[in-house]
Amino acid sequence: MFFSRGNTAIPAIFLLLGILSSTGVEFTGAQSVGVCYGGNGNNLPTKQAVVDLYKSNRIMKIRLYYPDGGALQALKGSNIEVILGVPNDQLQSLTNAGAATNWVNKYVKAYTPGVKFKYIAVGNEVHPGDAAAGSVLPALQNIQNAISSANLQGQIKVSTAIDTTLLGKSYPPRDGVFSNGATPYIKPIVNFLAKNGAPLLANVYPYFAYVNNQQSIGLDYALFTKQGKNEVGYQNLFDALLDSLYAALDKVGQSNIKVVVSESGWPSGGGAGATVQNAGTYYKNLINHAKGGTPNKPGPIETYLFAMFDENQKQGPEIERHFGLFRPDKSPKYQLNFS
């Protein structure tokens, strides 16, 4: 999650009822929504207990940030779709084709077909100036070749996860464009994705856009609770950010690439606007909204909520430790229902 990662004003009585009735989370139907699983905590449930919690709540998509053998073992036979991450500190080594083949054999092929891999995320939020930036495309190519050699290219798409700080302009959404610094970095990557029929993974956080520009962005616009559209035809910040990314892709010649929202969340504590009420409103409204699409791209939005648990050892500002849908004891923080 990048450290400058944005709800409807639900009537107080409904908020109160939601809090009082928060005895369980029921995830049914809308299979466009999954949940990211991070393990940066010393008080979290066992891997098997985590997968059981996904299944009991009918959460059928998971994002793993690294090849966690315990989690992969627990996912066998679960039918849960998996985004498997290549950590940024491994990208350079995977510019070697043999190392990429070994990685795929060890972490993907060895668990197939028991684990339902859907995407490999080669790097997360690598920026053009980062030391790992030059390794992303060659690592993507090598992992893709290894997936194809394993005859898994029909099942698994290889991509990378970006954040919206690569945009030089994001408002109005139709004017969205990658920054001058990001364009030479992202263009060959999205060309590669298009060639292989893969989506672009993007971490989209209205929370951070709101917090960093509260004088211009209303809380209701960030929380999907705004009544009516703004002057450019948008009713919420999530759609505006996503459509600005689609506009930027169009400007680098890739208007047909699908964007999968690989992270989106709202913290329940530790910062401005970070309350249990706001976070619960955001997650509930995002789950419902993901079924319908944006003004520019109608249809379900494949979206992964960040994150399954509060992670007490996560690095960064205090808010980073308050994104969980569940507490470490597996009790739900919010009343969320997909039906």
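Helices (H or I, at least four residues) and strands (E, at least two) are DSSP runs, numbered from the N terminus. The model is predicted: local features need pLDDT of at least 70, side-chain atom pairs count only at pLDDT 80 or more, and totals for chains, interfaces and linings use all residues. Residues are numbered from 1 along each chain as its sequence is written, and side-chain values use heavy atoms, with hydrogens and water left out.

S264 lies in strand β9 (residues 259–264). Its relative accessibility is 0%, so S264 counts as buried (under 20% relative accessible area; exposed is over 50%, partly exposed in between; 1.4 Å probe, protein chains only). Beyond its neighbours within four places in sequence, S264 contacts (heavy atoms within 4.5 Å) several residues, among them F238, Y282 and F306. The side chains of S264 and Y282 make a polar contact at 2.6 Å (a pair of N or O atoms within 3.5 Å; within protein, one must be able to donate a hydrogen and the other to accept it, and residues adjacent in sequence count only if both atoms are side-chain atoms).

The structure contains 14 aromatic pairs (rings of Phe, Tyr and Trp, its six-membered ring, with centres within 6.5 Å; planes under 30 degrees apart are stacked, over 60 edge-to-face, the rest tilted). The ring centres of F224 and F238 are 5.9 Å apart with planes at 45°, so this pair is tilted. F224 sits in the loop between α8 (219–222) and α9 (237–251), and F238 in helix α9, 14 residues apart. Both residues, F224 and F238, are buried. The rings of F224 and Y282 have centres 5.5 Å apart and planes at 40°, so that pair is also tilted. Y282 belongs to helix α10 (residues 276–289), 58 residues from F224. F224 and Y282 are buried.
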